[in-house]
Amino acid sequence: MRKTILFDLDGTLIDSTPAILDGFDTAFKTHGQSLPDHEKIKSLVGHPLDTMFEGLGVPKNLVADYIGAYKKRYEQIYLDQTTLLKFAKDALKLANSFADVGIVTTKTSKFSAILLKHLGVTQYINVIIGRDDVAKPKPDPEPVNLALARLGKDGATHHQNAFMIGDTPMDMLAAKAAGITGLGLLCGYGTLADLRKCTDLIFENALKAAQYIADL
């Protein structure tokens, strides 16, 4: 039975920090507000945009407007301001050689598909699940379960051979809730201390995590 490996995107396979920060800055400027704290933004990456804006103090009734301004700017710049992390392409290539590969992200699947094509790695990926595909994003298990279902891997036996690689506690909690193994990465936005609360399997980058799974 082929294994299944699900990857998060931001901080796991890609670095889109410049585009994310630019998008948030633009949203706040558009609404006449002072620029948000960049370290605070980075600490919230992995959450859906509405949660991030609320975490930055935006009133709930204005969040949709801020997201609109963010997305308008992000769409203009994200291809130019996003790069693959070191070892990410090798990780995908290795994973694809022995497993069915999915992406589970809180970005929209539309943006993610365009971006992954632009970065030249879509040939290694079987399915993409984004924020727009689910009612409840990570840390809820829904996106992980949907990815497994679309891969035809939604039985208990398949779950034993399925893995989620990500850089934040949300990835690990979603994996645990779905009954699959979570592997944490130190190359992204999550801290070692936070990841340790959710998993014992922590690696420097996606390639080392994929190698670990390959050797099981």
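# Burial, contacts and ring pairs in a predicted model

Student: His159, then: buried or exposed?
Tutor: His159 counts as buried, because its relative accessibility is 16%. Buried means under 20% relative accessible area, exposed means over 50%, and partly exposed is in between (1.4 Å probe, protein chains only).

Student: What kind of model is this?
Tutor: It is a predicted model, in which local features need pLDDT of at least 70 and side-chain atom pairs count only at pLDDT 80 or more, while totals for chains, interfaces and linings use all residues. Residues are numbered from 1 along each chain as its sequence is written, and side-chain values use heavy atoms, with hydrogens and water left out.

Student: Where does His159 lie, and what does it touch?
Tutor: His159 lies in helix 8. Helices (H or I, at least four residues) and strands (E, at least two) are DSSP runs, numbered from the N terminus. Not counting residues up to four places away in sequence, His159 touches Asn145, Leu148, Lys153, Asp154, Ala178, Gly179 and Ile180. Contact here means heavy atoms within 4.5 Å.

Student: Which residue other than glycine has a positive phi?
Tutor: Phe87 is such a residue, with phi near 75 degrees. Most residues other than glycine have a negative phi, and most peptide bonds are trans. Phe87 sits in the loop between strand 3 (83-84) and helix 5 (88-98), and counts as partly exposed at 34% relative accessibility.

Student: And where is a cis peptide bond found?
Tutor: A cis bond joins Lys138 to Pro139, with omega about 15 degrees. Pro139 is placed in the loop between strand 5 (127-129) and helix 7.

Student: Let us turn to Thr4. Which element holds it, and is it buried or exposed?
Tutor: Thr4 is found in strand 1 (residues 3-7). Thr4 is buried, with a relative accessible area of 1%.

Student: What surrounds it?
Tutor: Beyond its neighbours within four places in sequence, Thr4 is in contact with Ala99, Asp100, Leu148, Leu151, Lys153, Asn161, Ala162 and Phe163. Leu148 is 144 residues from Thr4 in sequence, yet the two are 8.0 Å apart in space, C-alpha to C-alpha. Leu148 and Lys153 are also among the residues that His159 touches.

Student: Where is Gly188, and what lies around it?
Tutor: Gly188 lies in the loop between strand 7 and helix 10, and is partly exposed at 29% relative accessibility. Leaving aside neighbours within four places in sequence, Gly188 is in contact with Gly11 and Asp167. Thr12 is 176 residues away along the chain, with 6.0 Å between its C-alpha atom and that of Gly188.

Student: Now the rings. How many aromatic pairs are there?
Tutor: The count comes to 11 aromatic pairs. Rings of Phe, Tyr and Trp (its six-membered ring) pair if their centres lie within 6.5 Å; planes under 30 degrees apart count as stacked, over 60 as edge-to-face and the rest as tilted. Phe203 and Tyr212 form a tilted pair, 5.2 Å centre to centre with 45 degrees between the planes. Phe203 is buried, with a relative accessible area of 16%, whereas Tyr212 is partly exposed at 30%.

Student: Which rings are linked into a cluster?
Tutor: Ring pairs link Phe24, Phe28, Phe53, Tyr66, Tyr70, Tyr74, Tyr78 and Phe111.

Student: What does Gln33 contact?
Tutor: Apart from its neighbours within four places in sequence, Gln33 is in contact with Phe28 and Tyr66, both members of that cluster. Gln33 is placed in the loop between helix 1 and helix 2 (38-44), and is partly exposed, with a relative accessible area of 44%.
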